[in-house]
Amino acid sequence: MPIFRRPPTLAPLGEEGARAGGAAPVWGAVLDAAALARLAELDPKGKAGLVARVVTTYTQSLGKLLEQLTVARTAGDANALRHVAHTLKSSSASVGALQLSGLCADIERKVRDRQTDGLDAQLEEMLREGARVLAALRAGTAGPQRLS
Amino acid sequence: MNDTSSSAADVPATEDRPHVLLVDDDDVNLMLTAIALRERGFEVIEASGGEAALEQLEQIAPDLIVLDAMMPGIDGFETCQRLRHRAGYAQVPVLMLTGLDDDASIERAYSAGATDFFVKSMQWSLLAGRLRYMLRASRTRVELERSKFKLARAQDLARMGSFDWRRGNGLGHLWLSPEAMRVLGRGQAERVDVRGLLRMVGAAQRRGLIRMVSEVVAHNAVLATDVSVMLFDGRQRIIHVEAEAEFEHGHAVGYTGVFQDVTDRRVAEDRIRHLANFDALTGLPNRRQLIWRTERALEQARRLNHNAALLLIDLDRFKNVNDTLGHAAGDELLMEVARRLRACVRHSEQVMEGALEAAGSRSHRTLEAVGRLGGDEFVALLPEVGDEADAQRVAARVLESLREPIFVAGQECFCTASVGIAMFPRDGLNLVDLMRNSDVAMYAAKSAGRNVATAYSAHLGGRGRDKIELESHLHKAIEREELVLHYQPKIDVRSAKMVGVEALMRWQRGGVLVPPGDFIPLAEETGLIVPLSEWAVKEAARQARIWQQSFGFSDSIAVNLPSRLFERSDLVENIHQSVSAYGVPHKAIQLEITENNLMKDLHNVSLSLHRLNEIGVEISIDDFGTGYSSLAYLTTLPISELKIDRSFVRDLGITPQSSAVVSAIIALARSLGLRVIAEGVENLRQMEVLHRLGCVVMQGFLFSKPLPPDDLELWLQQTMLPRKAPWIGVVRDTDGSLPRLGRA
């Protein structure tokens with residue numbers, strides 16, 4: 001007996017995006033469509049406006065973590081660096097910011113293994129990519145349709 | 001954000017859904033995981049870090065906990081460790097979320113007490129599946145723990161514990177559960193081996209036990225036996241051992257079973273058996289046990305063709321002891337009597353049901369016993385006697401054993417018995433006949449003056465039946481109006497006047513007048529005395545009214561009442577109603593109570609006496625001087641009159657002691673301001689002595705026997721008025737004037 005209900009088909013992103021307030025095209029530029037589709041799977045009927053809410057949460061979290069990253073980098077706090085990379089790794093993967101997630105995974109491993117090799121350049125790139133994603137998401141959610 | 005949880009409207013109600021505490025510092029992951037789990041039927045409580053989670057646990061009790069391993073502050077490992085130390089969280093399943101390639105975290109997770117780990121991913125169904133599996137496992141485990149606990153508890157309550165024994169070198173290996181250790185009175189840390197167990201068994205029993213167990217084990221048979229053991233603390237207990245052989249691959253490897261302390265049950269069983277078969281007071285076999293023994297004895301006597309005897313032993317006047325010295329003293333006396341009677345036969349305390357056959361042809365001898373039927377009735381069962389003379393010899397022993405006084409309640413009591421003997425087969429072939437006939441013989445012994453043994457004979461049987469018949473007729477005597485009162489005048493010898501009468505009950509039965517001695521004791525015995533006495537009071541009141549009208553009778557009619565009537569709360573009311581019904585004053589009725597009766601129940605009677613006195617009913621003490629009583633009551637009870645017992649009157653002028661007693665009574669009465677009257681005055685000499693000693697009111701055949709009411713009137717007219725009696729004029733008023741004529 002199957003325990004879980006599985007949505008029969010994936011909800012098309014366009015529909016989900018439209019329901020979320022028309023920001024989809026902007027997100028699409030930085031977020032992976034497949035990942036977004038998986039998110040939409042969580043809320044098959046779209047009742048909860050889930051994707052939009054996750055993106056909003058991610059946007060807030062991302063902003064906060066990027067600031068922490070800057071501080072940690074300046075202070076040379078390896079633990080803080082690792083924590084930011086770890087957290088951003090999984091949440092970015094969740095929403096489909098795959099490039100950022102990949103960068104985070106590399107950085108996390110390097111910090112854990114105490115490899116400083118090219119770490120700085122990667123941190124630089126992570127900040128840049130993070131800022132790009134953040135800008136794109138903010139542009140998409142800052143409008144009047146932004147969920148409260 | 002709350003509406004997220006309602007996205008799955010068709011999942012079970014909140015309380016049926018498993019509660020998950022989800023802990024993750026990453027808001028996105030927290031949110032996503034929560035949504036995914038809610039969607040899959042979980043109730044999710046979110047916590048954004050270790051501190052928050054531990055705080056939450058103060059308020060809620062989740063069914064399981066999902067912890068992100070990597071968190072700032074208190075991380076997942078630390079959180080897990082801490083919550084495991086919380087009361088109630090030792091067993092809650094905890095799932096640790098780790099990174100994909102993080103083997104070190106997995107190790108750490110387990111050592112921190114996590115139940116399982118799960119690699120963070122977006123595979124929500126896998127996560128939910130894992131959680132469900134963990135829940136199920138946890139519930140199964142909890143149930144197992146619970147039933148293990150229940151079993152241990154049940155075993156403890158049942159004073160039971162399990163053991164395992166494995167064959168091995170020497171005596172093999174023994175394993176005892178903690179409960180079994182408790183049964184044996186040992187601590188859990190101690191070790192007990194087979195040798196240790198055997199040492200607990202008494203040496204006498206040990207050899208037999210070893211032989212029996214070896215036999216059982218050799219056949220892989222079921223072991224079930226009760227063993228009497230001495231625990232290490234010295235307590236003697238009975239342990240029930242029950243075990244079955246265990247096999248592995250077809251080979252017997254040992255035994256598994258239980259020990260149970262069955263001492264209490266055994267004791268209770270023995271006690272129940274004893275209570276059912278033995279008299280609680282004396283410890284003798286009771287009626288039930290006697291019947292059982294007698295039936296067995298008769299079976300044997302029939303088979304082996306010999307005589308048996310049943311002796312019914314009834315204590316004489318035991319009721320007096322109970323009544324005067326109290327029930328405690330009565331019980332004490334019965335115990336001593338039981339002890340003495342037991343010594344009169346070859347008394348066997350216990351008869352095992354199975355032992356009878358085993359003991360062979362003389363086994364019925366073990367049935368011999370003295371038992372207590374109840375009250376003051378005992379039975380001696382003699383399962384085999386040569387002839388009646390044998391039974392008589394035992395009866396004589398019984399009487400002899402009671403000859404010595406018994407010391408109870410600080411005084412010596414003489415407690416004789418009357419013994420009735422019935423012989424099998426001569427006087428009856430079965431228990432019922434033998435019991436009845438021994439009863440008949442016993443009553444004959446009582447009639448013969450007590451303290452004797454009488455064997456049954458057919459002639460006695462007739463008298464026994466008479467008695468039963470008498471009793472049943474006495475029951476109907478009142479309604480058939482067969483009872484009458486006769487009246488004996490009380491005379492003031494100075495004035496030659498009748499100053500009152502005593503009413504005496506007679507039973508007119510089919511034209512024959514039954515003497516009071518033949519039915520009053522029976523009435524006392526059966527309790528019929530109560531309605532009889534009540535009738536007597538009413539009848540006396542009626543007579544007082546008739547005489548009042550016919551010759552102006554204004555004295556009292558004295559009615560004898562047994563003490564038990566004085567104990568009745570309705571006595572005063574009854575008397576009041578009786579006199580009211582006939583319109584005579586209360587003082588028309590005087591009550592006589594014997595001194596013995598009064599002393600028996602002084603406490604219960606005194607209230608009634610006071611109330612009666614208040615309404616004008618006078619109390620007279622009958623048979624005064626015969627009781628062994630303190631005279632103190634005379635000053636505290638409202639008594640009007642003392643009646644000197646006829647035995648003193650009879651001996652007046654014959655023995656100097658009797659006149660000493662009489663003058664003492666008179667002096668006593670005078671000093672207390674009581675009237676004194678002499679009963680049983682039969683001749684002039686007695687009258688003269690009494691008068692000289694200062695007693696002027698008398699009653700007796702010298703004046704008149706008890707008369708039916710009409711005859712009394714006649715007697716007054718024909719004897720008193722004409723002053724024709726020989727006693728009139730013999731004595732003079734102390735004031736010297738001539739005796740006056742009877743009152744108008």
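Residues are numbered from 1 along each chain as its sequence is written, with chains lettered from A and ligands numbered from 1 in the order in which they are written.

The predictor assigns the complex an ipTM of 0.75 and a pTM of 0.41. Confidence in each residue is expressed as pLDDT, which runs from 0 to 100. For chain B the average pLDDT is 85, and 92% of the residues score at least 70. For chain A the mean is 75, with 72% of residues at 70 or more. Helices (DSSP runs of H or I, at least four residues) and strands (runs of E, at least two) are numbered from the N terminus. Within chain A, the lowest confidence falls in helix 1 (residues 13–19), with a mean of 40, and the highest in helix 6 (residues 98–112), with 89.

Residues are taken to be in contact if their C-beta atoms, placed from the backbone, lie within 7 Å. In chain B, pLDDT stays under 50 over residues 1–11, which have 14 contacts beyond four places in sequence, and over residues 353–359, which have four. Where pLDDT is low, the predicted coordinates should not be read in detail.

The contact between the chains involves 19 residues of chain A and 22 residues of chain B. On the chain B side, helix 1 (27–39) and helix 5 (124–157) each contribute at least two residues. Helix 1 of chain B gives the most, with eight residues. The side of chain B that touches chain A comprises nine nonpolar, five polar and eight charged residues; here Ala, Val, Leu, Ile, Met, Phe, Trp, Tyr, Cys and Pro count as nonpolar, Asp, Glu, Lys and Arg as charged, and the others, Gly among them, as polar.

Chain B contains 27 helices and 26 strands. Among its contacts with a separation of 6 or more, 61% join residues 24 or more positions apart. Of its 744 residues, 36% are buried, a residue being buried if 20 or more other C-beta atoms lie within 10 Å of its own.

Helix 2 (residues 50–59) and helix 3 (residues 76–84) of chain B have axes that come within 9 Å and cross at roughly 20°. The two helices are therefore roughly parallel to each other, as angles under 35 degrees are classed. Gly50(B), Ala53(B), Leu54(B) and Leu57(B) of helix 2 meet Glu78(B), Thr79(B), Arg82(B) and Leu83(B) of helix 3. By class, this contact has four nonpolar, two polar and two charged residues.

Helix 3 of chain B also holds Phe77(B). Phe77(B) is buried because 22 other C-beta atoms lie within 10 Å. Beyond its neighbours within four places in sequence, Phe77(B) is in contact with Ala69(B), Arg108(B), Ala109(B) and Ala112(B).

Note on methods. Predicted model: local features only at pLDDT ≥ 70, side-chain atom pairs only at ≥ 80, totals over all residues. pLDDT = per-residue confidence, 0-100. Contact = placed C-beta atoms within 7 Å. Buried ≥ 20, exposed ≤ 12 C-beta atoms within 10 Å, placed from the backbone. Axes fitted to C-alpha atoms, helices over the stretch in contact; angles between N-to-C directions. Parallel < 35°, antiparallel > 145°, perpendicular 65-115°, else oblique.
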